[in-house]
Amino acid sequence: MDVAIMVIKIGFGFTRMCNFRCEFCYSKRVSGTWSKEEALQVIRDAVDNYGNEGIDINWGTGENILAPGFLDVLREVHKMGVPQDVTTNGSLILWKEAFNYLDEVDVSIDYPDPELHNKSRGHPK
């Protein structure tokens, strides 16, 4: 009998920092960033409980690359062998190094009309 292995997808809001001011975003109402140590401990605990193939981290909520220490966290989680994805507004070239540690990048596009998209995101371009 084959047994299916379930992967637990963990949506992790490392930071609320963002370079956009989207009219619909809940993150702008709160602030805060996890410390590297706190974030890594939560992930180590998940690995201890489910194994590194039993979880997948999606970094979302804010534009995580803006947060101090985020690249360090990506590197460490990559060393653990845990798959990582990121949800981003796609506006920052700073992601280039982060791509080395990510399995997937999701770019949020909210409207087919660029002008409406930019207006809803509080971005001039």
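Reply: A word on terms comes first. Buried means under 20% relative accessible area. The model is predicted.

Start with Phe70. Phe70 is buried, and Trp59 is buried too. The rings of these two residues have their centres 5.3 Å apart. Their planes stand at 85°, and an angle over 60 degrees counts as edge-to-face, so the Trp59 and Phe70 pair is edge-to-face. Trp59 lies in strand E2 (residues 55–61), while Phe70 lies in helix H2, so the pair ties together parts that are 11 residues apart in sequence.

Phe70 has a second ring partner, Phe14. Here the centres are 5.3 Å from each other, with 45° between the planes. That pair is tilted. Phe14 sits in strand E1 (residues 8–15) and Phe70 in helix H2 (residues 70–80). The two residues are 56 apart, and their pair links distant parts of the chain. Phe14 is buried, as is Phe70.

Now widen the view. The count of aromatic pairs comes to five. Ring pairs join Phe12, Phe14, Trp34, Trp59 and Phe70 into a cluster.

What else does Phe70 touch? Setting aside neighbours within four places in sequence, Phe70 is in contact with Phe14, Trp59, Asn64, Ile65 and Trp95.

The nonpolar core comes next. In soluble globular proteins, nonpolar side chains tend to be buried together. The largest nonpolar core here has 23 residues. Phe14, Trp59, Phe70 and Trp95 touch the most other members. Several elements contribute: E1, helix H1 (36–50), E2, H2 and helix H3 (95–98) each supply at least two residues of this core. H1 gives the largest share, five residues.

Gly54 is in the loop between H1 and E2. Its relative accessible area is 7%, so Gly54 is buried. Leaving out neighbours within four places in sequence, Gly54 is in contact with Met6, Val7 and Ile8. The C-alpha atoms of Gly54 and Val82 are separated by 8.4 Å, and these residues are 28 apart along the chain.

Phe70 forms a tilted pair with Phe14. Phe14, Trp59 and Phe70 are also among the residues that touch the most other members of the largest nonpolar core.

Notes. Residues are numbered from 1 along each chain as its sequence is written. This is a predicted model: local features need pLDDT of at least 70, side-chain atom pairs count only at pLDDT 80 or more; totals for chains, interfaces and linings use all residues. Side-chain values use heavy atoms; hydrogens and water are left out. Rings of Phe, Tyr and Trp (its six-membered ring) pair if their centres lie within 6.5 Å; planes under 30 degrees apart count as stacked, over 60 as edge-to-face and the rest as tilted. Helices (H or I, at least four residues) and strands (E, at least two) are DSSP runs, numbered from the N terminus. Buried means under 20% relative accessible area, exposed over 50%, partly exposed in between (1.4 Å probe, protein chains only). A nonpolar core is a set of buried Ala, Val, Leu, Ile, Met, Phe, Trp, Tyr and Cys residues joined through side-chain atoms within 4.5 Å. Contact means heavy atoms within 4.5 Å.
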